[in-house]
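Take a walk through this protein with the viewer open.

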Amino acid sequence: MTERQCKLGLHVMAWLILLVGAGSSGIAQTLEVKHPVLDYQIDQARAGEYEKAVETVMAMSEEEMLSFLPDHAFVRFCECPNCYGGVEGNSIFTWTIDRPDELTCRFCGTVYPNEKYPETHVMTGHNKLGEEISFPYYLNEELGVAHFLSTHVMLHKRGWIQQQCQALGKAYQTTGDERYARRVVLVLDKLAQRYPRYPVMQNGPRLFRFRESQDIPYAWDSGKWGDFHNEIPKSMVYSYDMVCESPEFDRLSRDRGYDVREKLENDVFRPTFDAIAASPYHVGNVVGYDIAGAAELGRIINEPYFVHRAFGWMKRNIDEGFYADGMWKEGSPAYHSMTIGGLRLAFSTVEGYSDPPGYVDPETGQRFDNLDPFLQLPFWAKIQSAPYMLDWPNGRSACVHDTHPYAKTSPQRNATTSTIMPAFGHASLGRGIGGDQMQAQLHFSGAYGHHHFDNLNLSLYAKGNEMLPDVGYTWTQMRYWTVSSLGHNLVVVDRTDQVGGDSDGDLMAYFPDTSGVSVVEADGINAYKNIEGMDQYRRLLVMVPVSDADAYLLDVFRVRGGQIHDWTLNGDADEDSIGQASLPLQGNREWMLEEGEEWEEPTMEGDRFHAYGMVRDVAQAETGGDFHVDFTYEEDRDKGIRVHMLNADPVEVWLGRSPSVRRMGVGTAGDMRKAYDFWMPKLLVRHQSAAPLHSVFTAVHEPYAEQRFIDRVERIDLTPADDDAVAVRITCGNTVDTIISTQDAPPYPERVTSDGISFRGRLGILRQVDGKSTGMWMFDGEKLSADWAMEADHGQFEGTIESAMRVDDGAEHDAFVTDAQLPEGGLLHGVWMIVRHGNGHTHGYEIDRVEQRDGKCLVILSSDHGLRIEGDNTEEVYFPLRKMEGVNSFVIPLATAMSYLP
Ligand SMILES: [Zn+2]
Ligand SMILES: [Zn+2]
């Protein structure tokens, strides 16, 4: 036996001892603590109100009341067979206690049971005890859809009786009237009798069925009491807490011939804990459900072992579930909020908790006395506000990955600056105040659940609108469209989706604000490792102000590999807008499916289909020259965005429309019948040729509110030319910007425009007003010259990291140690260094200052880098907790600017 197996054996033994102990003396254990254990905000002065709230249930016969607790199961999702409105049968019907056996469709008003839709079919299966159980249903034979209407009624009835039990508990607590307690005790006794006979059911949309296995662990959408990480019957546990000390338990126990408390704890509550303990979902976005419930259950039945396990699972979510910058691993602001909301609730269930005297946890050797969960979790504070960095100026979350549109998570801002989540992989270039705030977000994260295939997606907010949106989350059948690569603003290679797993992007450069100009470049090659021979997938964004009110965004997307490159954009998804190209477009193609490709109309959220079938009513042109496309608003024709495209290669321009999805409604307010009611413009610029195809898509995005401000955008030649080098000229009145972008590295070759502007470096911007240079910016460059020149000693610093130190590990600083010679003091303050780890991935870190230490340079960072480096081994302290072998090298790209900004 290995040491690990041996330890495991010991744990199992500890378990057995505990459970045997619980079985024999568990109830005495429960009654050793004063009930109610938890605080239910019971207000003695509201006794009358509590009594009034239970009048209906008190007026029922006991038998009638007990019929509200299911004998076998309930159905979560049920569609209206008359209209199929709403989303996947999720919360379709209204129900009232006045007519407890009826359901009314909130979309068409049809009332069930209904003779037009008789439940003449039956589904039969077995519970764990081998007993046969049947559920009747109405079958829509045309669609092949089953409607378990009468079992869906039990969802509502069950919800009502749970709520009543808690109300009865409150009435009992304030009046001491045993009649109230008796009602709760009866319901709990029925639960104790029925729970062991409940079958394990899968409870998904159009997926109500007996599970093959009736044993724990239950799948995430399955259970006996629960159907979604909620096997612990929390409300019943709370009700038990409120009436636990009632003599009605003893009275009923005498009638029944068994100890009702003991049966409830041993046949219901403890098995639900076992189901949670066996579940693989201890680190996930649902920590507020079962894990919080396990802690509460442990406290109420005085079982400290449960509390210790639950707290351990809560802690694991903090330790394993968040990136170093505080972002939840799924990278969706919505799921971040849900997770920390759940954690907050979960921690509140153990805050101030003390173990019973003498208790020591058999697994950890610890005991809790007046537990302060946050003392052990300094990272908690950083997690709280992390994703607000992704919020638009109006305070709404950017719809990254599965994030519901319109979720307002922070107050409206008056000013916007650039921000970044460097560990997660998302940068936001920002500028402007009031109605002129502008934000361009570049996404380059990996895919760790609830993700979209969206590496290097651009989304743009300007003039009060998400003009180039990431559509976001939907619970409708259109979900795959919002997840697919084509549903984003990026380059789709060979008409296929990016890969999900192990697709983390890499930051190449980030300059949040260099005399008004902001820059980010990221690499997303891992997202297309499914395409053989791909060796470039990289996007550069440069935000350049023209006035206080206006700025344009230069967007250079370089791709090499595959044979079809579709550079694509969504128009506004919230308001009706019109796409108009400067080229005469021809034809009206139904969709972008090719001959022989089949269309399968989606009907369920999980359905997959060919994303190109969602680009509809398309007209086309071919061009080898520059062109532009305008997206303007129907309600406000003076507002919009002009997308100037500059091509070195002949391209096909396809302009059509796609379902905007957002306006179908969010969450359960959605209606799947509206799939094709709302549209957004969809632009596709296609470059195709033999593999490995190389493209440099160069665009200038010009968002405007009252009038456009760019007069001309043109591509200019560079000598020597290079596949990856591009020069662009943007004319706004008497101001002319020349921008040169390369992939050059030191020693940078000199590249010269036909009118004599020369540059050595990676990104150079020259601004001329009335023919005179008034501003120069270099990013990772050494010399830019026109009528005058700007030079820098270094375009970048580079070196290797010898070791790392962290404040959290007891060091004085969060810092890297290098023998590279870097300028001391604050000269590099606010500059972003890019570290390439042994596994090839890069991350960005903001420098605070540089100090000399024992002949080496200490690069002190502005926050925790989250790395432990021992020789050639690097370990991530935060998610994704990788261990990487090899040297950590770095570059520090530098910016130099001399400018007069209008
Ligand atoms: Zn209906
Ligand atoms: Zn998306």
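**Spaces, metals and loops**

The lining of the largest pocket has 22 nonpolar, 15 polar and twelve charged residues. Here Ala, Val, Leu, Ile, Met, Phe, Trp, Tyr, Cys and Pro count as nonpolar, Asp, Glu, Lys and Arg as charged, and the others, Gly among them, as polar. The model is predicted, so local features need pLDDT of at least 70 and side-chain atom pairs count only at pLDDT 80 or more, while totals for chains, interfaces and linings use all residues. Residues are numbered from 1 along each chain as its sequence is written, chains are lettered from A and ligands numbered from 1 in the order in which they are written, and side-chain values use heavy atoms, with hydrogens and water left out.

Back to the largest pocket. Its space comes to about 1,600 Å³. Of its 49 lining residues, Trp220, Phe228, Tyr335, His450 and Tyr473 are the closest to its centre. Several elements give two or more residues to this lining: helix H5 (149-175), strand S7 (201-204), helix H7 (234-243), helix H12 (333-348) and H14. Helices (H or I, at least four residues) and strands (E, at least two) are DSSP runs, numbered from the N terminus.

What separates a pocket from a cavity? The search uses a 1 Å grid over the protein atoms alone. A cavity is a set of points where a 1.4 Å probe fits but cannot get out. A pocket is an open set with protein on both sides within 12 Å along at least five of seven lines. Lining residues have an atom within 4 Å of a point. Grid points are joined across faces, edges and corners, and a volume is the space filled by probe spheres set on the points.

The whole structure has eight cavities of 30 Å³ or more. The largest cavity holds about 180 Å³ of space. It is lined by 16 residues, and His229, Ile276, Ser279, Tyr281 and Asp290 lie nearest its centre. Helix H9 (260-278) and H10 each give two or more residues to that lining. By class, the lining has nine nonpolar, five polar and two charged residues.

Follow H10 (residues 290-300). Eleven of its eleven residues are buried, meaning under 20% relative accessible area, whereas exposed means over 50% and partly exposed lies in between (1.4 Å probe, protein chains only). Asp290, Glu296 and Arg299 are among the buried residues of H10. Just after H10, asparagine 302 takes a positive phi of about 55°. H7 is mostly covered too, with ten of its ten residues buried. Lys234 and Asp241 are among them.

Next, the metals. Which residues hold the zinc ion (ligand 1)? Cys80, Cys83, Cys105 and Cys108 coordinate the ion through SG atoms, at 2.2 to 2.3 Å. Donors are N, O and S atoms within 2.8 Å of the metal (3.2 Å for Na, K and Ca); water is not among the atoms, so sites may look incomplete. The four donor atoms subtend angles of 106 to 114°, so the arrangement is tetrahedral. Along the chain, the donors follow the spacing C-x2-C-x21-C-x2-C. Cysteine 83 is buried, at 16% relative accessible area, while cysteine 108 is partly exposed, at 33%.

The zinc ion (ligand 2) has another set of donors: His452 (ND1), Asp470 (OD), Asp470 (OD) and His488 (NE2), at 2.1 to 2.8 Å. Angles of 51 to 150° among the four donor atoms make this site irregular. Histidine 452 sits in the loop between strand S12 (438-443) and strand S13 (457-462), and aspartate 470 in the loop between strand S14 (465-468) and helix H14 (479-483). Both residues are buried.

Finish with the backbone. The peptide bond from tyrosine 112 to proline 113 is cis, with omega near 5°. Another cis bond runs from isoleucine 216 to proline 217, with omega near -5°. Glutamine 41 is not a glycine, yet has a positive phi of about 55°. Glutamine 41 is exposed, at 59% relative accessibility.

Methods
Tetrahedral: all angles 85-135°; square planar, octahedral: opposite > 155°, others 65-115°.
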